Amino acid sequence: DQGTLKGLDYEAAQIVLQRLGVATEWQLLPWKRCLLALEQGHADAILDIFRTPEREATIIYPDEPMSQIEFVLFYANARPYPYQRLEDLQGLKVGVSAGYWYADRAFRESDLFTREPAPNHIANFGKLMRDRVDLVINDKRAGNYLIKQMGIHAHVSHHPQVISRDLLYLGLRRTDGMDVLAQRFSNELRRFKAEPTYTALLKRYTP
């Protein structure tokens, strides 16, 4: 936002790390480059990553997640494709985020519909408005916040059915000493979540 980093999990992580006395340098990169930077040792941590068995070998996860997300399908109000079950997506084009892992295996592997990757969420919603995709899958809270920021909230809605729920973590590169930091981070994050400051932060980013 005008050169200032903002966001629920970013601000929570920054506050917790500051309390722990950990100096941070944040970089904004496309998701695939974030993963590569962590893998190659060019980054020490990655914000808002899902926990999967494949990633356990290279990433340490704090016990306490940053937040929980709910993936839903967003649609343009002018083209309200009905959705209640996976079969309703037959032949449609769904905007997804490049490099993202979706917890629901049926959705992740289905060949009923086409997945159209975009480099970021803004691009995905832009394609939805231009009729280049039929639907967009995104986190309900983050998606609603973003379409409001984009000024298209009167033109975009989402289906009430939740595709999948998942937890987001601050993932730490598996190197010496990071396990200790992960535990300290978990403990402090739990304390912070119990404070009025976190409640106010949560309210600010919940449309």
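These legends walk through several close-up views of a predicted model. Local features are described where pLDDT is at least 70, side-chain atom pairs count only at pLDDT 80 or more, and totals for chains, interfaces and linings use all residues. Residues are numbered from 1 along each chain as its sequence is written, and side-chain values use heavy atoms, with hydrogens and water left out.

**View 1. Lys-6 and Asp-1 join their side chains in a salt bridge.** A salt bridge here means a side-chain nitrogen of Lys or Arg within 4 Å of a carboxyl oxygen of Asp or Glu. Side chains of opposite charge can pair when their charged atoms come close. For Lys-6 and Asp-1, the N to O distance is 3.1 Å. Asp-1 is exposed, at 54% relative accessible area; exposed means over 50%, buried means under 20%, and partly exposed lies in between (1.4 Å probe, protein chains only).

**View 2. Arg-173 and Asp-44 form a salt bridge, 3.5 Å from N to O.** This pair links distant parts of the chain, 129 residues apart: Arg-173 sits in strand β8 (residues 164–173), while Asp-44 is in the loop between α2 (31–39) and β1 (45–49). Helices (H or I, at least four residues) and strands (E, at least two) are DSSP runs, numbered from the N terminus. Arg-173 is partly exposed at 22% relative accessibility, and Asp-44 is partly exposed at 45%.

**View 3. Lys-193 meets Glu-64 in a salt bridge of 3.0 Å, N to O.** Here too the pair links distant parts of the chain, 129 residues apart. Look for Lys-193 in helix α6 (residues 178–193) and for Glu-64 in the loop between β2 (59–60) and β3 (67–76). Is Glu-64 buried or exposed? Glu-64 counts as buried, because its relative accessibility is 16%, whereas Lys-193 is partly exposed at 23%.

**View 4. A network of salt bridges links Arg-19, Glu-188, Arg-191 and Glu-195.**

**View 5. Gln-2 and Asp-48 each have a positive phi.** Most residues other than glycine have a negative phi. Gln-2 has a phi near 50° and lies in the segment before α1 (8–19). With 83% relative accessibility, Gln-2 is exposed. Asp-48 has a phi near 65° and belongs to strand β1. Asp-48 is partly exposed, with a relative accessible area of 24%.
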